[in-house]
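Let's take a walk through a protein structure together. Please have a look at the sequence and the 3D view first, and then read on.

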Amino acid sequence: MEIKVVSKRENKLLERVEVEFEVHYPNQPTPNRFEVKEKLAALLAKDRSLVFIKRMVPRAGTHIAKGLAHIYENLERAELVENKYVIERNTPKAVEEVSQ
């Protein structure tokens, strides 16, 4: 999987960086948000808890997905600005152990 940053725009009013990206994943299934989030955070040298993938849409017939991510300077600002569903979507769920 390879991530290419298409555009990067600083939004000073909302104190975030808005990044449009493309994910290339030849001969693989579409990667999940958490894999993309981790790679994008590493690529931009940011903490992955401050990266929120707002949208990721695979293109039909190709192994390319386009997306939009918001990167904040602190978590408090992200919780104030982002919708609750976006925060939940970008938070990994705890693995529950099944007792037998």
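Predicted model: local features only at pLDDT ≥ 70, side-chain atom pairs only at ≥ 80, totals over all residues.

Residues are numbered from 1 along each chain as its sequence is written, and side-chain values use heavy atoms, with hydrogens and water left out.

Let's begin with the whole chain. It contains three helices and four strands; helices (H or I, at least four residues) and strands (E, at least two) are DSSP runs, numbered from the N terminus. Along the principal axes, the C-alpha atoms fill a box of roughly 45 × 40 × 25 Å. Of the 100 residues in the chain, 35% are buried, where buried means under 20% relative accessible area, exposed over 50% and partly exposed in between (1.4 Å probe, protein chains only). Among contacts (heavy atoms within 4.5 Å) with a separation of 6 or more, 52% join residues 24 or more positions apart.

Now to the strands. Two strands pair if DSSP finds at least two bridges between them. Strand 1 (residues 2–11) pairs with strand 2 in the antiparallel sense, over nine bridges. Lysine 4 has glutamate 22 in strand 2 as its bridge partner, and glutamate 10 has valine 17 in strand 2. Four residues lie between the strands of this hairpin of strand 1 and strand 2, and there glutamate 15 takes a positive phi near 55°. Strand 2 also pairs with strand 4, again antiparallel and over nine bridges; here arginine 16 has tyrosine 72 in strand 4 as its bridge partner. Why is strand 2 largely enclosed by the rest of the structure? Because seven of its nine residues are buried.

What lies in the interior? In soluble globular proteins, nonpolar side chains tend to be buried together. A nonpolar core is a set of buried Ala, Val, Leu, Ile, Met, Phe, Trp, Tyr and Cys residues joined through side-chain atoms within 4.5 Å. The largest one here has 16 residues, of which Phe21, Val23, Val36 and Leu40 touch the most other members. Strand 2 (16–24), helix 1 (33–44), strand 3 (51–58) and strand 4 (64–72) each give two or more residues to this core.

Asparagine 11 lies in strand 1 and counts as buried because its relative accessibility is 14%. Not counting residues up to four places away in sequence, asparagine 11 touches Arg16 and Glu18. Asparagine 11 and tyrosine 72 are 61 residues apart along the chain, with their C-alpha atoms separated by 9.9 Å.

Valine 86 sits in helix 3 (residues 84–89). Is valine 86 buried or exposed? Valine 86 has a relative accessible area of 1%, so it is buried. Leaving aside neighbours within four places in sequence, valine 86 is in contact with Phe52, Ile53 and Lys54. Valine 86 and lysine 66, 20 residues apart in sequence, are 17 Å apart in space, C-alpha to C-alpha.
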